[in-house]
Amino acid sequence: MDQVQHKFVDVGGLKLHVAEIGTGPKVVLFLHGFPEIWYSWRHQMIALANAGFRAIAPDHRGYGLSDPPTQPDKASFADILTDLLSLLDALQIAKVFLVAKDFGVWPAYLLAVLHPERVLGMVTIGVPLKPKRSAFHQYLPEGFYISRWREPGRAEADFGRLDVKTVVRNIYILFSRSEIPMAAENQEIMDLVDLSTPLPPWFTEEDLATYGALYEKSGFQTTLQVPYRSSGDDPNIRDPKVKVPVLLIMGGKDYILRFQGIEDYINNGDMKELVPDLEIKFLPEGTHFVQEQSPDEVNQLILTFLAKNV
């Protein structure tokens with residue numbers, strides 16, 4: 001990781017931490033999900049830089065080393081979109097390819113449809129593009145992890161029983177499974193992971209220590225607000241179609257595929273109505289963290305897509 005450079009960029013009074021590697025006019029902007037940070041793109045950034053691309057990965061506001069907003073309980077996806085535009089302007093970058101994972105797919109979508117002049121193409125991982133964010137908590141039992149984390153104070157109390165590193169460890173284990181994290185009535189989400197459960201084989205203790213140290217700095221206040229508590233801030237999009245080429249990479253064992261209607265939406269052609277220029281790749285053994293689990297395969301898929309559309 002020594003070759004990755006780090007800087008802070010002012011975006012509207014907040015300092016965003018930005019990791020960067022590579023040079024030149026071909027720029028790829030990486031957008032992480034939860035509980036991730038820039039570091040979740042470490043394998044992809046190095047591979048793309050070696051292939052001649054400039055790879056940039058910010059920590060979203062309130063994540064990692066980036067400043068939190070002054071009112072974390074009012075943070076929204078609109079803020080992230082504004083941050084991304086300010087970041088591109090500050091770095092004097094006119095157009096980028098986007099690579100987005102998990103909730104990072106939503107601001108990537110907003111950037112592509114509201115500011116199409118800034119986007120050349122997009123890779124989404126673990127979440128398909130949709131014109132509105134899905135309210136899955138409406139269709140699943142009360143113990144559904146998103147329902148629990150949407151409730152103010154509930155996740156804070158649950159996480160507060162453990163040190164930060166253990167919280168990140170438990171979420172990585174939970175989200176690496178093929179079942180949707182669901183607690184019983186007398187359980188909290190953290191209770192779903194036994195302390196003796198090993199980390200996924202592709203996620204090392206060193207990786208966990210890196211995440212743990214950064215979440216020690218940021219805490220979970222903003223990270224629970226965005227994505228879990230900021231529903232209802234969907235903008236009114238006049239034309240929801242994505243006009244740039246898109247590659248969707250899904251792990252075949254990603255628990256997201258268990259969400260109501262998601263697998264059908266991906267496979268039955270409905271997604272093509274929103275994204276006419278769409279390519280879909282499934283990695284059969286892949287989990288929700290497929291870019292960390294199978295970096296060589298994911299890197300090759302991304303590089304092939306970029307080569308076709310650069």
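Reader: Pro-68: what does it count as, by relative accessibility?
Author: Partly exposed, because its relative accessibility is 45%. Bear in mind that this is a predicted model.

Reader: Where is the place of Pro-68?
Author: In a loop. That loop lies between β4 (54-58) and α2 (77-90).

Reader: What is Pro-68 in contact with, leaving aside neighbours within four places in sequence?
Author: Leu-14, Gly-62 and Thr-222.

Reader: OK, Gln-225 now. Buried or exposed?
Author: Buried. Its relative accessibility is 10%, and buried means under 20%, so Gln-225 qualifies.

Reader: Which helix is Gln-225 found in?
Author: Helix α8, residues 221-229.

Reader: What is Gln-225 in contact with?
Author: Pro-72, Asp-73, Lys-74, Ala-75 and Ser-230, leaving aside neighbours within four places in sequence.

Reader: Switching to helix pairs. At what angle do α6 and α7 pack?
Author: About 125 degrees. Their axes are 8 Å apart. Helix α6 covers residues 164-175 and helix α7 covers residues 205-218.

Reader: What about α1 and α12? How do their axes cross?
Author: At roughly 45 degrees, coming within 10 Å. That makes α1 and α12 oblique to each other too, and their crossing is right-handed.

Reader: Which residues of α1 meet α12?
Author: His-43, Gln-44, Ala-47 and Leu-48. On the α12 side are Pro-295, Val-298, Asn-299, Ile-302, Leu-303 and Leu-306. This contact has seven nonpolar residues, three polar and no charged.

Reader: How many residues are in the largest nonpolar core?
Author: 114. Phe-34, Met-45, Leu-129, Tyr-145, Trp-149, Phe-175 and Ile-249 touch the most other members. In soluble globular proteins, nonpolar side chains tend to be buried together.

Reader: Take Tyr-145. What does it touch?
Author: Phe-175, Ile-180, Pro-181, Ile-189, Tyr-228, Tyr-255 and Phe-259. That leaves out residues up to four places away in sequence.

Conventions:
Residues are numbered from 1 along each chain as its sequence is written. This is a predicted model: local features need pLDDT of at least 70, side-chain atom pairs count only at pLDDT 80 or more; totals for chains, interfaces and linings use all residues. Side-chain values use heavy atoms; hydrogens and water are left out. Axes are lines fitted to C-alpha atoms, for helices over the stretch in contact, and angles run from 0 to 180 degrees between N-to-C directions. Helices (H or I, at least four residues) and strands (E, at least two) are DSSP runs, numbered from the N terminus. Angles under 35 degrees count as roughly parallel, over 145 as roughly antiparallel, 65 to 115 as roughly perpendicular and the rest as oblique. A crossing is left-handed if the near helix is turned anticlockwise from the far one by less than a right angle, and right-handed if clockwise. Contact means heavy atoms within 4.5 Å. Ala, Val, Leu, Ile, Met, Phe, Trp, Tyr, Cys and Pro count as nonpolar, Asp, Glu, Lys and Arg as charged, and the others, Gly among them, as polar. A nonpolar core is a set of buried Ala, Val, Leu, Ile, Met, Phe, Trp, Tyr and Cys residues joined through side-chain atoms within 4.5 Å. Buried means under 20% relative accessible area, exposed over 50%, partly exposed in between (1.4 Å probe, protein chains only).
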